[in-house]
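Reader: I would like to learn how to read a model of this kind. Can we take it feature by feature?

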Amino acid sequence: MNAVDWMGITLAGIGTIGVGAGGEEQVASAISILHLPWLAFIVAVLFVLLNGWLRIFRRHRREQEMMEYEVVEEIIYGLESGILFGMASVVSKMGFLFMEQGFSRMLVPVCIGISISCSGTGFFYQTRGLKHGRAIVVSTCAAVASIVSGVLAGMLALGEKLPSAPTARLSLLLGWLLIIVGVVLLVSSARLVRLLPRRFRQLVPSGVNRNSGLRRSASVHAKDTSPSAVIHAATLHHLITSPSKEKA
């Protein structure tokens, strides 16, 4: 973690608090049952885009022979898990709103079941990110994506509106801006550190060269072990065949 990473995480955390502070009580409006398939379609499109982005960076990591996870992979896993957590809360609320509007009571357990499935899948993606990535990056992105996706889904599917009070609306918009800036800093932290002047770059601890160092050490190790493996094999073959020649 370098200073730019910490700055991005801090801004994203402050922005999350701002989004929560800018909320206000909403009056329930009429919603349609067709909003459920629309939400599923939007989430599917988002996951196709995120997984395509993830495959590109995995291929890049393989071509560069990098052993460490890149920050983009950590962010993608965090975003995927956070989107599913946000959808879980929205879908569960939709079930109770359907019941209040006179729809069948069977929609409540159906929506709760979908919500549980979204939460379980979200934990699966978060665990995959935590297995190889940094916990603070994955968890921060998951929390940010959960709140942002919940707010957007609430506005699109549940008919919720922006706060009417100027202070609350300003807090909400500033929170969104800080979240966007924080995520951008996390994605481009390595490049930003390289752009700093040399005297400032020495003051900022950075893990930019971790992958190149590991790559060089791995290649050197592979080159060193190959000749020794051949020598050991030849020596072993000589030791095995010597007793048989003596007996003959």
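This is a predicted model: local features need pLDDT of at least 70, side-chain atom pairs count only at pLDDT 80 or more; totals for chains, interfaces and linings use all residues.

Reader: How many helices and strands does the protein chain have?

Author: Start with the count of elements. The protein chain has 9 helices and 0 strands. Read from the N terminus, the order is α-α-α-α-α-α-α-α-α.

Reader: What percentage of the 248 residues counts as buried?

Author: Burial is judged from relative accessible area, and under 20% counts as buried. Of the 248 residues in the protein chain, 35% fall in that class.

Reader: Now helix packing. At what angle do the axes of α2 and α3 cross?

Author: Read the distance and the angle together. The axes of α2 and α3 come within 10 Å, and the crossing is roughly 170°. Angles over 145 degrees count as roughly antiparallel. So α2 is roughly antiparallel to α3.

Reader: Which kinds of residue make up the contact of α2 with α3?

Author: Sort the contact residues by class. Here the contact of α2 with α3 holds 20 nonpolar, 2 polar and 4 charged residues.

Reader: How do the axes of α3 and α5 cross?

Author: Helix α3 covers residues 71-100 and helix α5 covers residues 135-157. Their axes come within 6 Å and cross at roughly 40°. Angles under 35 degrees would count as roughly parallel.

Reader: Which side chain does the side chain of Glu74 contact?

Author: Look for a polar partner. The side chain of Glu74 makes a polar contact with the side chain of Arg134, at 3.0 Å.

Reader: What about pairs that are apart in sequence? How many residues separate Ile42 and Ala153?

Author: Ile42 and Ala153 are 111 residues apart in sequence. Their C-alpha atoms are 9.9 Å apart. Ile42 lies in helix α2, residues 35-63. At 38% relative accessibility, Ile42 is partly exposed.

Reader: Where is Pro109, and how far in space is it from Gly95?

Author: Pro109 belongs to helix α4, residues 107-132. Pro109 and Gly95 are 14 residues apart in sequence and 7.6 Å apart, C-alpha to C-alpha. With a relative accessible area of 45%, Pro109 is partly exposed.

Reader: Last topic, aromatic rings. How many aromatic pairs does the structure hold?

Author: A pair of aromatic rings is described by the distance of the centres and the angle of the planes. This structure holds 4 aromatic pairs. One of them joins Phe124 and Tyr125, with 5.5 Å centre to centre and 75° between the planes. Planes over 60 degrees apart count as edge-to-face, so the Phe124 and Tyr125 pair is edge-to-face.

Reader: Are Phe124 and Tyr125 buried or exposed?

Author: Check each residue separately. Phe124 has 47% relative accessibility and counts as partly exposed. Tyr125 is buried, at 15% relative accessible area.

Reader: Which residues form one aromatic cluster with Phe124?

Author: Phe47 and Tyr125 do: together with Phe124 they form one aromatic cluster.

Definitions and conventions:
Residues are numbered from 1 along each chain as its sequence is written. Side-chain values use heavy atoms; hydrogens and water are left out. Rings of Phe, Tyr and Trp (its six-membered ring) pair if their centres lie within 6.5 Å; planes under 30 degrees apart count as stacked, over 60 as edge-to-face and the rest as tilted. Buried means under 20% relative accessible area, exposed over 50%, partly exposed in between (1.4 Å probe, protein chains only). Axes are lines fitted to C-alpha atoms, for helices over the stretch in contact, and angles run from 0 to 180 degrees between N-to-C directions. Helices (H or I, at least four residues) and strands (E, at least two) are DSSP runs, numbered from the N terminus. A polar contact is a pair of N or O atoms within 3.5 Å; within protein, one must be able to donate a hydrogen and the other to accept it, and residues adjacent in sequence count only if both atoms are side-chain atoms. Angles under 35 degrees count as roughly parallel, over 145 as roughly antiparallel, 65 to 115 as roughly perpendicular and the rest as oblique. Ala, Val, Leu, Ile, Met, Phe, Trp, Tyr, Cys and Pro count as nonpolar, Asp, Glu, Lys and Arg as charged, and the others, Gly among them, as polar.
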